[in-house]
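These are my notebook entries on one structure. I set down what I looked up, entry by entry.

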Amino acid sequence: MTVHFIGAGPGAPDLLTIRGRDLIAASPVCLYAGSLVPPQMLDYCPPDARKIDTALMTLAEIVEEMVRAHSHGLDVARLASGDPSVFSAMAEQMRRLDAAGVPYDVCPGVPAYAAAAAALRRELTVPTVAQTVTLTRIAARATPMPEGESLAALGTSGGTLVLHLAVHRIDELVKELVPNYGPDCPAAVVAHASREHEIVLRGRLDDIADAVHEAGVQRTAVVIVGPALAAGQFPDSHLYSDTRCRSRS
């Protein structure tokens, strides 16, 4: 049978895709990280489904559950918060499933940065202001960053920078970004995007850390930095320009 890697979205149950919902409903086994995936998502599981919280499990234990389900002819819904293409540890799970001969597929989900941008009511790419969005994190106790992917290097573009898994080190983050972006660069933090207890903090690089500390935000947050967050004066996109539309008529 098949392991379905499913993007569960940023948290709101109604931001789960229809395909993801249907895959969960058809899978007798569901693996999810209880610290990231809200319990309402499990309401879509079959009544007699085996539901396994992976929050405290090792990678080997998680894969073992998948292989065991496959050996019994059972489909597995493997839920990942946001979209599984970013910071989901999906790649190492796939590598082990390949070695075990277990088939899998991927169902995309709404990424956390998209939900954060929606909460801010901002487009992350604005004409002549920012046309590049960089998704990254910072090195900590987790896997180190590859050479050339430091914040100092990534910040040289001046585009919109989105940081996952970084809000707990907001002071260090600000210190590394100020040289490229400047202390008055717009910055925002969105915690628990799309959920009832969502927290939205807006500011500048020189005061966003204080706002984070005051709000007590320590995890499950996205940090966004860049001039696009406050852009007001910019030319309209060529996509709907009079000249382009006349040329199509």
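Is Arg21 buried, exposed or partly exposed? I noted that Arg21 counts as partly exposed because its relative accessibility is 34%. Buried means under 20% relative accessible area, exposed over 50%, and partly exposed in between (1.4 Å probe, protein chains only).

**Basis of the entries.** I worked with a predicted model, in which local features need pLDDT of at least 70 and side-chain atom pairs count only at pLDDT 80 or more, while totals for chains, interfaces and linings use all residues. Residues are numbered from 1 along each chain as its sequence is written, and side-chain values use heavy atoms, with hydrogens and water left out.

**Salt bridges.** I searched the whole structure and found 6 salt bridges. A salt bridge is a side-chain nitrogen of Lys or Arg within 4 Å of a carboxyl oxygen of Asp or Glu. One of them joins the side chains of Arg21 and Asp22, at 3.1 Å from N to O. Asp22 is partly exposed, because its relative accessible area is 40%.

I then looked up Arg169, which forms a salt bridge with Glu172, the closest N and O atoms being 2.3 Å apart. Arg169 is partly exposed at 24%, and Glu172 is partly exposed at 31%. Elsewhere, salt bridges that share partners join Arg50, Glu64, Glu65 and Arg68 into one network.

Glu65 and Arg68 are separated by about one helical turn, because they are 3 residues apart in helix α2 (residues 59–71). Helices are DSSP runs (H or I, at least four residues) and strands likewise (E, at least two), numbered from the N terminus. An α-helix has 3.6 residues a turn, so residues three or four places apart point the same way. I recorded Glu65 as buried, at 14% relative accessibility, whereas Arg68 is partly exposed at 35%.

**Helix α4.** Which residues of helix α4 (residues 112–120) are buried? I listed Ala115, Ala116, Ala117, Ala119 and Leu120. What covers these buried residues includes β8 (186–191), β9 (199–204) and β10 (221–225). After α4 comes Arg121, with a positive phi near 55°.

**Helix α6.** I placed Asp171 in helix α6 (residues 170–181). Asp171 counts as partly exposed, because its relative accessibility is 46%.

Definitions and conventions:
Contact = heavy atoms within 4.5 Å.
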